[in-house]
Amino acid sequence: MRNDGVTIKGTKEGLLIILDGELDFPVILRKLEEKITRVENFFAGAQAILDLSGRLVQPEQLEQLEHLISSQHGIEIIRIINQGCLDEKGEREAMEGAIVEDGLRNGNGNRNRRVTLNENEEQLSTLIIKRTLRSGQRVNYDGNVVILGDVNPGAEVIASGDIVVMGAFRGVAHAGAKGNEKAIITAFSLQPTQLRIANIITRPPDEENSEPNQPEVAKIKDGMVIIESSLNFSN
Amino acid sequence: MDIFNKMFGKNNVSSKTVAKERLRLVLVHDRANVSPQLLETLKEELIKVISKYTEIDNSALEVSINNSEHSVVLVANIPIRVRRSMNTVC
Amino acid sequence: MGEVIVVTSGKGGVGKTTTTANLGTALATLGYKVVLVDTDIGLRNLDVVMGLENRIVYDIVDVVEGVCKIKQALIKDKRYGSLYLLPAAQTKDKTAINSEQMKQLCGELKKDFDYVLIDCPAGIEQGFKNAIAGADKAIIVATPEVSSVRDADRIIGLLEAAEMDSPKLVINRLRPDMVKRGDMMDIDDMIEILAIDLLGVVPEDETIVISTNRGEPAVTDKNSKAGEAYRNIARRITGENVPLMNLTIENGFFQKLKKLIGLRDS
C-alpha cells in the first residue's frame, strides 16, 4: 500500500477513509482533498466512515475534515473511528472488522457516538493510546481511555468513562465528563495537575509534594474526590 | 607579533565594544529596512540616471548604507571617467 | 479606569513571563488590584511561574469564545487577594483569538482592575499583535546581548507603527561582574542604542530560578536582589520616583589588596 497518508477503501457500509499519523495535518487535508476531487462524481452522495486511529486529531481539525468531506464534497460521514495508534497492520484490520460489526448491530447513522453511554457502562468503547501525551495535546473521547505511556503536565485527557494510565499521570484528567459520578481515574503514579470527575473539580493540596510510590485510583465518595491505593480498590 | 599586540593592547578590544559595534551595523540595516537586493536595484538605477549626464565607471561604483554620527546615510561612491573631449580647432 | 500594560521583547527567553509575574505581584503588594493575562496560547507558562497551574478550569480562549464569563476564568492568587490570573489555553494556538477580541477583553478588564499586565508571546506574529492590541503602554524586556537588543529594537519599531505610547525599557539579567570586565554591554550602552526611557534594571539572580521552581515570584523573597529590583520597578510604574539600585559588586580580596599596595584596578 502506497503510504501517502490518505487511504480510501470501499466496505460493506460505505467508504472507509483512513488518515495516517505521519504527515502534518495541513498536508493530510490537502491530500484528502486531491483524492476526493479526482473522483468527485463517484464519491458524491456516498456514506463514509472516517478512521482517525492513526493520529491525534484536535477538535478544530475534526471540524475542518467534516467541512471538507461533507459540506464541500457531499459525502455523509456516518461514523468516526478513533482507536488510538495501532501500528501493526493486522491489529488494525481486526479492529476495523469489530467496529463494522458493532456499527451494523446499532444500525443507526449516529456519527461519533458508537455506543450509548451512562445507562449501560458495559457498552462503553475504549480508546487505547500507545504513546506519551505531551503538553498541549488533548484527548477527548466518548468512552474509556487507556494510555500506555505517561501524561505530562499541560496535557488533557477527557473521557465520558474511566481513564486508566499505565504510566505517570501529571496532566489534567476529566473522567465521567458527561456526568457519570462512578467514573474513576487510575495511574501507576498519580501526580495530577488537576482531577475532574463528573462535575467535581479538584487539585492536589499546595503543601503536599510527595510522589506516590504505588498505583492509585481517584473516585467520588460521598460527593468528594478521594485518592486511594488501587491495591485495595473495589468499586 | 601577537605578543607585541598583546603588550600594547591592540587585540584587547573588549567583547562589549565588539557587541556594540556589531549591533550598530545590524540595526542600521534593520531600521532602514534595506535588503541587499534593494541596494542592488538602487545601484543599477543610479547608474542609468547618472550615465545620462556623465560617463561613469560602472564596475567601480559602490552603494552602501552607513552609520555616521547618530544618523543613517546612503553613501554612493561613483567614479567619473575623465572626459576626453576634443576641442575644435578654429 | 485602569491601565493596560503589555510586557514584550521580541526574543524569547529574556524574562517576559518572570517580569510580568513579579511586577504584578509587586503591584498587588502595593495595594493595587491587578490582573495578569497570559496571551502565549499554546505555550502557557505564567500559571506555572505563579504556582497556579492546578487551579485552571477556564482560559482566555474560553472567555473570548463565550464558553464562560470573564469572572469564571479569573484565578485568584493564593497569596494576594487583589491579584488575579487569566491563563492562556494550552491546547489551542495563537489564531484562536484575534486582535479585536483582545481589545474588547482588555476594555472589560480595565473597568475592574487598576493594572492589567499582559504577558506577550515571543515573536512578532499574531500572538504579538493580539497582546499589544488592547494595551495602553508597553514595557520592553531586553537582556544585554546583541540578539536581544536587536529584537527589542524591532519591537520598538513595531510599537511605534502601532502608535503605542513611548515604551519603557527593563534591562534584565545584567551581570555587574561582566560589565566591569567589559564583557557585557552596560546600561548606558543599551539606552544609547535603543533610545528609549529606562524603567529599571534587574540583575542576574539565582533566586529567580529557585522562585520559579517553587511557583512563588521573587518579589516575595526579601533577600532576592532581582526581587528588590522588581519592587522598585513596580513603584516607578505607579509614578513614584525611585533611584536605580546599586549594582556595583563588592570588591573581592585581591582588589582590596591591589588598592592597598597602590595598584589601580582599571
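## Burial in chain C

A residue counts as buried if 20 or more other C-beta atoms lie within 10 Å of its own, as exposed if 12 or fewer do, and as partly exposed in between, with C-beta atoms placed from the backbone. C:Arg173 is buried, because 22 other C-beta atoms lie within 10 Å. C:Arg173 has a positive phi of about 60° although it is not a glycine, and belongs to strand β7 (residues 168–174) of chain C. Helices (H or I, at least four residues) and strands (E, at least two) are DSSP runs, numbered from the N terminus.

C:Ala195 also has a positive phi without being glycine, near 50°. C:Ala195 sits in the loop between α9 (187–194) and β8 (197–203) of chain C and counts as exposed, with 11 C-beta neighbours inside 10 Å.

## The model and its confidence

This is a predicted model, in which local features need pLDDT of at least 70 and side-chain atom pairs count only at pLDDT 80 or more, while totals for chains, interfaces and linings use all residues. Residues are numbered from 1 along each chain as its sequence is written, and chains are lettered from A and ligands numbered from 1 in the order in which they are written.

The pLDDT is the predictor's confidence in each residue, from 0 to 100. Chain C averages 92, and 93% of its residues score at least 70. For the complex, the predictor gives an ipTM of 0.76 and a pTM of 0.69.

## The two chains

Chain C contains 12 helices and 8 strands, and 48% of its 266 residues are buried. Chain A has 4 helices and 15 strands, and 34% of its 235 residues are buried.

Two residues are in contact if their C-beta atoms, placed from the backbone, lie within 7 Å. Among contacts with a separation of 6 or more in chain C, 76% join residues 24 or more positions apart. In chain A, 38% of the contacts between residues at least 6 apart join residues at least 24 apart.

## Nonpolar cores

A nonpolar core is a set of buried Ala, Val, Leu, Ile, Met, Phe, Trp, Tyr and Cys residues joined through C-beta atoms within 7 Å. The largest has 80 residues, and those touching the most other members include C:Ile60, C:Val116 and C:Tyr230. Helix α11 (residues 225–237) of chain C gives the most to this core, with 6 residues. Apart from this core lies another, of 29 residues, among them A:Leu127 and A:Val165.

## The interface

The contact takes 8 residues from chain C and 11 residues from chain A.
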